[in-house]
Amino acid sequence: MAREFRGKIELDVRDSQGDWDAFLPDKAPEGAPNVLVVLYDDTGMAAWSPYGGRIEMPTMERLAKNGLTYSQWHTTALCSPTRSTFLTGRNHHLNGFATISESSTGFPGYNSHIPPSNVPMAHLLRDAGWSTFWVGKNHNVPIDEWTAGSSKKNWPLAQGYDRFYGFIGGETNNWYPSLAEDNRYIDQPYQPEDGYHLSKDLADQALKMIRDVKQTEPDKPWYLWFCPGANHAPHHAPQEYIDKYKGKFDDGYEAYREWVLPRMIERGILPADTVLTELNPMPDGTFSQTDEVLPWASLSDEQKAMFSRMAEVYAGFSEYTDAQVGRIVDYLEESGQLDNTLVIYCADNGASGEGSPNGSVNEGKIFGGYPDSLEENLRLVDKLGSPDTYNHYPTGWAAAFSTPYKMFKRYTYQGGVADPMVISWPKGIAARGEVRHQYHHSTDVVPTILEACGVGFPDTYNGVAQTPLSGVSMVPSFEAAPDAPSNKQTQYYEMLGSRGIWHEGWKAVAVHGPVSGMSGFDQDVWELYHTEVDRSESNDLAAEHPEKLEELKALWFEEAKANNVLPLNDLQIIGNPKDFETFVQMEFHQPAPPSGQFVYYPGTSEIPERSAANVHGVSYKIAAEVEFTPDTEGVIFAHGSRFGGHALVVKDGQVHYVYNFLGIPPEDRVSAPAPTSGKHIIGVEFVKEGMGEYREGVGPVKLYIDDQQVGEKQIRTVLGHFSLCGEGLTIGRDSADPVSSLYGYGFDFTGGEIARVVFDIADDAYLDLEAHLAAAYARD
């Protein structure tokens with residue numbers, strides 16, 4: 001921090017002596033490194049080429065050959081929680097991030113607000129003389145602070161970052177993303193038909209930020225946290241990258257597991273005697289059925305072809321994004337910065353099993369409780385990865401890409417928490433192309449960066465006593481022998497009721513799946529593994545070493561108490577009304593006006609779906625006050641995208657209310673001739689008369705112009721959300737992917753004036769919130 005003034009102050013400035021250095025910020029130590037952290041999403045250890053997988057990652061391979069590959073690096077099993085540890089270096093419950101922001105509850109470990117006692121690392125680096133940038137996925141802004149009018153004290157700039165460019169929620173459409181820059185929401189700079197893809201845009205923005213610093217402060221180091229949308233669903237990639245993998249996954253996910261394990265052993269990632277675990281390793285009744293894997297042999301030829309194509313798209317998405325990271329690395333090399341840049345390239349949790357056993361062409365169906373049909377999926381198989389789909393592969397590929405481990409993302413078995421990590425720092429690491437087997441965790445990243453940069457950790461920050469770092473530095477592993485002991489001793493795990501603990505080479509895991517609704521935590525069966533020799537957790541030693549198991553169980557409870565882990569929450573939000581009701585009472589509720597009316601205006605920012613008027617599973621009325629002319633056309637309001645949403649539009653002399661049910665054709669439209677002059681009220685009324693087979697709302701929607709009904713149609717409405725993240729409500733335009741095929745991107749309202757749009761949900765008699773919670777858990 002700036003030091004005390006050492007000049008001289010007299011009556012006359014001519015007799016005084018200034019001291020500029022007292023007011024200038026601190027400079028980083030001479031020779032301090034830049035830091036680039038690349039954090040992917042949803043990637044198991046067996047997916048990528050540096051670990052023996054089929055997905056080619058040339059940039060990561062290049063860094064691995066010039067640095068270190070870690071075989072025992074771990075995360076929290078879910079993205080928001082892991083990312084919170086990258087922010088602060090504390091365990092996820094201490095950060096208030098037991099789970100994702102959208103499923104926060106009012107408990108210390110679960111509220112998604114990082115406390116002042118856990119200062120983010122970016123503050124420390126910025127104070128010490130680094131420029132700090134966050135590009136890409138956020139997912140650590142609390143759900144109650146997503147709106148334009150909310151406090152920004154938990155947005156990136158207030159977390160110590162000089163600049164932010166990316167998306168706030170857990171996922172976004174890679175062709176039509178919901179973007180934010182610094183403290184505001186923005187539109188994407190250009191369209192897919194002009195070459196837009198989110199991964200490319202993020203790399204462009206990152207390069208601009210670094211170049212801006214270097215042209216004005218060439219000696220100032222920087223820290224860049226680069227968080228692409230990959231490999232989280234939706235899996236979107238340019239066609240040429242998808243086509244590179246044509247046929248490469250035709251042997252299926254079970255064959256892939258058999259194929260990749262020897263390659264992982266050959267590369268030194270796993271011991272030679274590592275055992276492949278079962279495809280469905282957990283006993284019936286201990287996990288959610290949506291996490292089951294269908295045997296490859298049980299699939300039809302059409303299913304096999306579709307599942308293989310889903311893996312090809314995922315692979316193309318991953319490699320294309322690696323190529324964008326490569327652009328950053330190329331620039332660093334060309335500009336002479338790479339040699340003194342600490343690069344950490346990794347993923348935030350295991351491969352995602354949220355695609356269900358059958359995969360999906362529209363992930364929104366899964367989380368809205370509405371099934372995909374094989375016919376619908378097959379109809380779009382050639383569109384996978386394009387703007388026409390919002391796809392996710394089936395659980396089988398999650399198991400395959402997590403080889404040789406049990407389960408995948410959300411589970412505290414290795415499949416959920418063991419992840420790839422490569423570290424390169426030519427100036428600071430002498431070793432080249434070696435594997436490190438020391439046990440480490442995402443909480444160790446912050447202390448590693450601080451030590452490498454020579455930045456100390458304060459006892460207090462801004463007058464607040466600081467919670468000690470939960471992790472340990474990985475710097476000792478940089479020059480250690482590959483099999484040297486780890487300086488980490490203990491790491492607990494807990495995610496959505498799934499729990500485990502590792503201590504000095506042993507790990508205990510409760511046989512209790514996440515979101516399983518099992519409860520009865522005190523009755524859980526625990527398994528015991530000696531991970532020092534059994535990396536895949538294949539040999540349960542609980543019966544042979546009961547005393548060791550009891551020791552670890554007791555240690556887990558000590559860690560749980562110290563880290564705000566309790567109360568445990570495995571509430572089964574789908575199919576268990578009692579659990580659902582319990583959770584709804586605990587979750588954050590956006591305050592609604594007493595009237596039940598929400599009023600919106602043109603020329604304003606997109607309203608995130610979780611904060612907008614809730615028209616899901618309810619009856620609703622919409623009234624738009626509009627002044628018409630003969631030239632009036634455009635969007636009056638739009639909410640959602642081609643994968644689900646609704647909109648009020650004037651096109652070709654007609655006013656149309658469009659309801660797009662989960663992207664399933666045909667769209668429901670109610671239309672009438674539009675007025676050609678004067679001020680009018682365009683009204684929409686949906687009356688929910690009941691529910692369909694999958695609890696979707698069913699009833700008539702009526703279109704009004706002033707007090708005259710001009711159209712009516714029977715429709716069904718989405719029970720969950722239109723999208724998991726982004727695609728919010730906009731007035732006078734459509735902010736991203738168009739809701740309706742009637743119009744293209746934007747379709748701004750012109751030739752008239754919108755005064756306001758009012759949503760009224762006060763008279764609904766069928767309020768059904770279950771899908772809101774399902775969608776919340778989906779956004780991870």
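User: In S26, which residue is the bridge partner of Val-684?

Analyst: In this predicted model, Val-684 has Leu-703 of S26 as its bridge partner. Two strands count as paired if DSSP finds at least two bridges between them. S24 and S26 (residues 697-705) meet that with five bridges, in the antiparallel sense. Helices (H or I, at least four residues) and strands (E, at least two) are DSSP runs, numbered from the N terminus. The model is predicted, so local features need pLDDT of at least 70 and side-chain atom pairs count only at pLDDT 80 or more, while totals for chains, interfaces and linings use all residues. Residues are numbered from 1 along each chain as its sequence is written, and side-chain values use heavy atoms, with hydrogens and water left out.

User: How many bridges join S19 to S24?

Analyst: Nine bridges join strand S19 (residues 620-628) to strand S24 (residues 678-686), and the two run antiparallel. Within that pairing, Val-626 is partnered by His-680 of S24. In a regular strand the side chains alternate between the two faces of the sheet.

User: What is the order of the strands in the five-stranded open sheet?

Analyst: The order is S23-S22-S21-S20-S28, with antiparallel pairing. Strand S23 (668-673) and strand S28 (729-731) are the edges: each has a single partner strand, so one side of each lacks a neighbour in the sheet. On average, neighbouring strands of this sheet are turned by 10° against each other, direction ignored. Axes here are lines fitted to C-alpha atoms, for helices over the stretch in contact, and angles run from 0 to 180 degrees between N-to-C directions. Phe-637 stands opposite Ile-731 in S28.

User: How is a helix pair read, and at what angle do H1 and H7 cross?

Analyst: Two packed helices are described by the angle between their axes and the distance between the axes. For helix H1 (residues 58-65) and helix H7 (residues 301-334), the axes come within 7 Å and cross at roughly 50°. H1 and H7 are therefore oblique to each other; angles under 35 degrees count as roughly parallel, over 145 as roughly antiparallel, 65 to 115 as roughly perpendicular and the rest as oblique. Pro-58, Thr-59, Met-60 and Arg-62 of H1 make the contact (heavy atoms within 4.5 Å) with H7 residues including Glu-319, Asp-322, Val-325 and Asp-330. By class, the H1 contact with H7 has four nonpolar, two polar and five charged residues. In that scheme Ala, Val, Leu, Ile, Met, Phe, Trp, Tyr, Cys and Pro are nonpolar, Asp, Glu, Lys and Arg charged, and the others, Gly among them, polar.

User: How many residues of helix H12 are buried?

Analyst: Buried means under 20% relative accessible area, exposed over 50%, and partly exposed in between (1.4 Å probe, protein chains only). Eight of the nine residues of H12 (residues 445-453) are buried, among them Val-445, Ile-449, Leu-450 and Cys-453. Just after H12, Gly-454 has a positive phi of about 70°.

User: Which residue other than glycine has a positive phi near 60°?

Analyst: That is Met-407, in the loop between H10 and H11. Met-407 is buried, at 6% relative accessible area. Leu-662 also has a positive phi, near 55°. Leu-662 lies in the loop between strand S22 (654-660) and S23 and counts as buried at 4% relative accessibility.

User: Where are the cis peptide bonds from Ala-230 and from Thr-403?

Analyst: The bond from Ala-230 to Asn-231 has omega near 0°, and Asn-231 is in the loop between strand S7 (222-227) and helix H5 (239-243). The bond from Thr-403 to Pro-404 also has omega near 0°; Pro-404 is in the loop between helix H10 (395-401) and helix H11 (414-417).

User: Where does pLDDT stay under 50?

Analyst: pLDDT is the predictor's confidence in each residue, from 0 to 100. The chain averages 93, and 95% of the residues score at least 70. Over residues 764-780 the value stays under 50, and the model has 77 contacts for them beyond four places in sequence.
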